[in-house]
Structure formats: structure tokens, C-alpha cells
Amino acid sequence: QVQLVESGGGLVQAGGSLRLSCAASGRTFSRYTMGWFRQAPGKEREFVSANRWSDGRTYYADFVKGRFTFSRDNAKNSVYLQMNMLKPEDTAVYYCASRVGGHCSGSDCYDVQFYDYWGQGTQVTVSS
């Protein structure tokens, strides 16, 4: 069982920045594929970013490229999402997700169904 705890959400004005954190339990964190997803009211959960443990490759959704940056610190069992140039349409609950071992290729990394464990989410609200 892996527990994920997100933090760092809040209210920010458009153009501002936030840094989300996700702390994971477990002793094999370096072998977790980690992802960030978000869900706005009335919408499906959507992919934001993911990092593949096997080669360190990071994926981003098109709508966050150039604005959001994924990072991980295996020594701290943590991943982060630095969000810059935030827009009102970025308002959502942001979730951290993990898959222990395994290997995602291409679209798998974007798929909600690929991930085994989820955090409780952290609210991000961007005002215009």
C-alpha cells in the first residue's frame, strides 16, 4: 500500500505561481512512476504531467507545457509540480498518483487507469 499526501494548493491571482508537493510512503519510491492529474468541477480527471521511473522521462499535457515543471526527489520520497503563469482555467483539484514498478510507454503515462494509488487532492484556485 502506498500513501500519497499532496500539499501546496491555494488561491492565487492569474499570472501567479504555486508549487505543489506530494509525499509518498514506501521504500522503493525510486521505482514509482509518478503523475499529476487535475479535476475541475463537472469535468473528468485529466492528465497534467508524469515522470517515468525507468528512464526519468517526463511528460506534460500540451496546455501546461512551458508553464509547469515536474520534479522529483527520491531521497525525500517526493515529487513536485511548479506551476507558473497560472490561468483561471487551471482552477481544479490537483491529484498526485503513483504506479509501483511497471513501465508506461507513450499514452499509458497519460491514462488514469495506469496508476494504482492516489492522493486526496489539493485545491488550486486561480482568480482573474
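This is a predicted model: local features need pLDDT of at least 70, side-chain atom pairs count only at pLDDT 80 or more; totals for chains, interfaces and linings use all residues.
Among contacts in this chain between residues at least 6 apart in sequence, 59% join residues at least 24 apart, where contact means heavy atoms within 4.5 Å. Residues are numbered from 1 along each chain as its sequence is written, and side-chain values use heavy atoms, with hydrogens and water left out.

Let me turn to the fold. The chain contains 11 strands and zero helices; these are DSSP runs numbered from the N terminus, with strands (E) of at least two residues and helices (H or I) of at least four. For 128 residues, a compact globule would have a radius of gyration near 14 Å, and the chain agrees, with 14 Å. That radius is taken over C-alpha atoms, and the globule rule is 2.2 Å times the number of residues to the power 0.38. The C-alpha trace spans about 40 × 25 × 25 Å along its principal axes. Of the 128 residues, 44% count as buried, that is, under 20% relative accessible area, with exposed being over 50% and partly exposed in between (1.4 Å probe, protein chains only).

Now to the charged side chains. The whole structure holds six salt bridges, each defined as a side-chain nitrogen of Lys or Arg within 4 Å of a carboxyl oxygen of Asp or Glu.

Which residue does Asp90 pair with in a salt bridge? Its partner is Arg38, with the closest N and O atoms 2.9 Å apart. Asp90 lies in the loop between β8 (78-83) and β9 (92-100), and Arg38 in strand β4 (residues 32-39), so the pair ties together parts that are 52 residues apart in sequence. Asp90 and Arg38 are both buried. Both also belong to a network of salt bridges that links Arg38, Glu46, Arg67 and Asp90.

Next, consider Arg99 and Asp116, a salt bridge whose closest N and O atoms are 3.7 Å apart. This pair links distant parts of the chain, 17 residues apart: Arg99 is in strand β9 and Asp116 in the loop between β9 and β10 (117-118). Arg99 counts as partly exposed, at 24% relative accessibility, and Asp116 is partly exposed with a relative accessible area of 41%.

Finally, Asp55 forms a salt bridge with Arg52, with the closest N and O atoms 2.5 Å apart. Asp55 is partly exposed at 47%, whereas Arg52 counts as buried at 8%.
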